[in-house]
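Q: I would like to learn how to read a model like this one. Please take the ligands before the rest.

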Amino acid sequence: MKILFQSADADAQESMDMLAAHLPQARFQLWPQGKDEAHDVAVCWKPPADFFRGRQFKAIFNMGAGVDALLLDPELPAETPIYRLEDAGMAAQMEEYASWAALTYLRNFNVYARQQKQAQWNQLEPRARESFPVGVMGLGLLGQRVARYLSGLGFTVRGWNRSERRIEGVQCYAGEAALGEFLAGTQMLVCLLPLTPATRGVLNRQLLSQLPKGAALVSIGRGLHLVQEDLIALLDAGHLAGATLDVLPQEPLPPDNPLWHHPLVTVTPHISAQTLLSESMRQIGGKIAAFARGEPVSGLIDRSKGY
Ligand code: NDP
Ligand code: OXD
């Protein structure tokens, strides 16, 4: 088995060595080495424009959960199966991030941080967790974990998904017809959808204005879910009380983007769930080994759905 490994990260060699330790029989080349040779398998993350040009693989393994960038590559071979990372230590980080945001908005810690800047001593009314409904959009591997975790913390949790889900302790809604009811009862909306043609721009004025006044947005799926001007307009109008954005329409977020300095916005640099190298390479190694044995491999992308 010959594997072409590509990553723009500084630790590309280290990652490849970790993967190689799980696949001792395989031969590896680190892109752009072996650029003109044939390989059985590609392991990549946001590859450059010429990575797929004129080449075929038996399978492509994406070093991330989201495949939106890969699927937009015009040179991507049409029929090759693509496998993605599944959780690989990201769900636990998403639980932490979403619970940090939920506790922040529930307890008004964001408001107190603003008050401190103005030396204001002003106590706000306390709220109970169960009276602060959190809604999770996208109940996949990560969304389900977040929903269960917040429910375990005592929040009232609801979830919305394309197909129906049953999750203990979570009130689940499915499909467009149920979206309005889901949003109307959500005080903090967590977006964990994949980015697809159907979800691009989904966090727009029309959708966000269906949240109750004073609700907050936590965007941790992909930046292009958000229509930035619509969010800012709803924050400025007092309809939304805050937004916590880990993924941004442009990454890195340019220094002159108004989101950096908006008083009701918290920005983090795409860290809600970071790739854990050791766990990720172990998982990809297992998937490649199963693929080589002709066994079914989980995490196969359905290109017609875009995730
Ligand atoms: P999954 O593929 O497991 O889950 C996606 C879920 O979204 C599925 O339940 C799917 O429903 C649902 N869904 C898809 N399209 C729609 C739609 N149009 N309307 C309603 N529901 C829809 O993905 P993961 O949970 O593993 O990851 C989710 C996303 O999180 C990734 O695609 C990635 O973009 C993002 N991510 C962000 C990270 C960060 O650091 N910020 C880190 C890792 C991932 P169904 O099952 O019915 O098809
Ligand atoms: C991913 C990510 O999709 O890190 O894995 O955003």
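A: Domain 1 (2-88 + 275-292) and domain 2 (90-267) both give residues to the shell around ligand 1, so ligand 1 lies between them. The domain bounds come from an automatic or database domain assignment. This is a predicted model, in which local features need pLDDT of at least 70 and side-chain atom pairs count only at pLDDT 80 or more, while totals for chains, interfaces and linings use all residues. Residues are numbered from 1 along each chain as its sequence is written, chains are lettered from A and ligands numbered from 1 in the order in which they are written, and side-chain values use heavy atoms, with hydrogens and water left out.

Q: How many residues surround ligand 1, and which are the closest?

A: A residue is near a molecule if one of its heavy atoms lies within 4 Å of it. Around ligand 1 there are 30 residues, and the closest are Arg84, Asn161, Ser163, Arg165 and Tyr307. Helix H3 (90-106), helix H5 (141-152) and strand S7 (157-161) each supply at least two residues of this shell. Helices (H or I, at least four residues) and strands (E, at least two) are DSSP runs, numbered from the N terminus.

Q: How does the shell around ligand 1 divide by residue class?

A: Ala, Val, Leu, Ile, Met, Phe, Trp, Tyr, Cys and Pro count as nonpolar, Asp, Glu, Lys and Arg as charged, and the others, Gly among them, as polar. For ligand 1 the shell holds 15 nonpolar, 9 polar and 6 charged residues.

Q: Which atoms lie 2.9 Å from a nitrogen or an oxygen atom of ligand 1?

A: A polar contact is a pair of N or O atoms within 3.5 Å; within protein, one must be able to donate a hydrogen and the other to accept it, and residues adjacent in sequence count only if both atoms are side-chain atoms. A polar backbone atom of Leu141 is 2.9 Å from an oxygen atom of ligand 1, and a polar side-chain atom of Ser272 is 2.9 Å from a nitrogen atom of the ligand. A backbone N or O atom of Ile220 lies 3.0 Å from a nitrogen atom of ligand 1. On its own, ligand 1 has 940 Å² of accessible area, and the protein covers 92% of that. Accessible areas come from the Shrake-Rupley method with a 1.4 Å probe; for residues, only the protein chains shown count as cover.

Q: Which residues surround ligand 2?

A: The shell of ligand 2 consists of Trp45, Gly64, Ala65, Gly66, Met90, Arg222 and His270. By class, these are 3 nonpolar, 3 polar and 1 charged residues. Oxygen atoms of ligand 2 lie 2.7 Å from a polar backbone atom of Ala65, 2.8 Å from a backbone N or O atom of Gly66 and 2.7 Å from a polar side-chain atom of Arg222. Ligand 2 exposes 210 Å² when taken alone, and the protein buries 90% of that.

Q: How many residues of domain 1 are in contact with domain 2?

A: Contact means heavy atoms within 4.5 Å. Here 11 residues of domain 1 are in contact with 9 residues of domain 2. Taken over C-alpha atoms, the centres of the two domains are 32 Å apart.

Q: Is His39 buried or exposed?

A: Buried means under 20% relative accessible area, exposed over 50%, and partly exposed in between (1.4 Å probe, protein chains only). His39 counts as buried because its relative accessibility is 6%. His39 sits in the loop between strand S2 (27-30) and strand S3 (41-44). Its side chain makes a polar contact of 2.7 Å with the side chain of Gln29, and the side chain of His39 also reaches the backbone oxygen of Glu37 at 3.3 Å.

Q: Is Pro249 buried or partly exposed?

A: Pro249 is partly exposed, with a relative accessible area of 28%. Pro249 lies in the loop between S11 and S12. Leaving aside neighbours within four places in sequence, Pro249 is in contact with Gly223, Leu224, Leu226 and Gln228.

Q: Which residues of helix H8 are buried, and what covers them?

A: In H8 (residues 228-236), Gln228, Asp230, Leu231, Ile232, Leu234 and Leu235 are buried. Their cover includes helix H7 (205-208), strand S10 (215-219), strand S11 (240-245) and strand S12 (265-267). After H8 comes Gly238, with a positive phi near 85°.
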